[in-house]
Amino acid sequence: AGPTVVTPVDTADKAAATDPGLDRETLEEAALAQAAAASKIETLRAKLAKLTEQTAMFESRDATQTAELSQLRSQLEGEQASSEELRFKLAVCLDKVDKLKAKLKALRAEIGAGGTES
């Protein structure tokens, strides 16, 4: 046999039998209100459990995304440092190219001057 279900009417009957001075209709209304409140509490508990579960899921997702963001930030910082290093190397190379152009121009002028002398 399963658990005994106590209805609001049973509760009102029991209270009326205990104290005959109590109004049976008022007792039944109170018992119905108590049953409705108990049902509402159970509904709220279920909602709270669901919200707690969702909160844990969101916190977990947030932690994962924060870790991913941190990893991407580190990667970006590495890329920026690499980019700065490449810019520096490019500037050095361009400076060397400018110096070589100046030497080439000087050599051409020398060759040109030497060709006119002879």
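**Notebook: burial and salt bridges**

I began with burial: of the 118 residues of the chain, 3% count as buried, where buried means under 20% relative accessible area, exposed over 50% and partly exposed in between, with a 1.4 Å probe and protein chains only. I kept in mind that this is a predicted model, in which local features need pLDDT of at least 70, side-chain atom pairs count only at pLDDT 80 or more, and totals for chains, interfaces and linings use all residues. Residues are numbered from 1 along each chain as its sequence is written, and side-chain values use heavy atoms, with hydrogens and water left out.

I then looked up the secondary structure and found 2 helices and 0 strands in the chain, these being DSSP runs (H or I, at least four residues, for helices; E, at least two, for strands) numbered from the N terminus.

Next I searched the whole structure for salt bridges (a side-chain nitrogen of Lys or Arg within 4 Å of a carboxyl oxygen of Asp or Glu), and the search gave 4.

I noted R45 and E42 as one of these pairs, with N to O at 2.8 Å; both lie in helix α2 (residues 24-117), 3 residues apart, about one turn of the helix. R45 is exposed at 53% relative accessible area, whereas E42 is partly exposed at 46%.

I also noted E85 and K89, whose side chains meet at 3.3 Å, N to O, and which are separated by about one helical turn because they are 4 residues apart in helix α2. E85 is partly exposed at 44%, and K89 is partly exposed at 44%.
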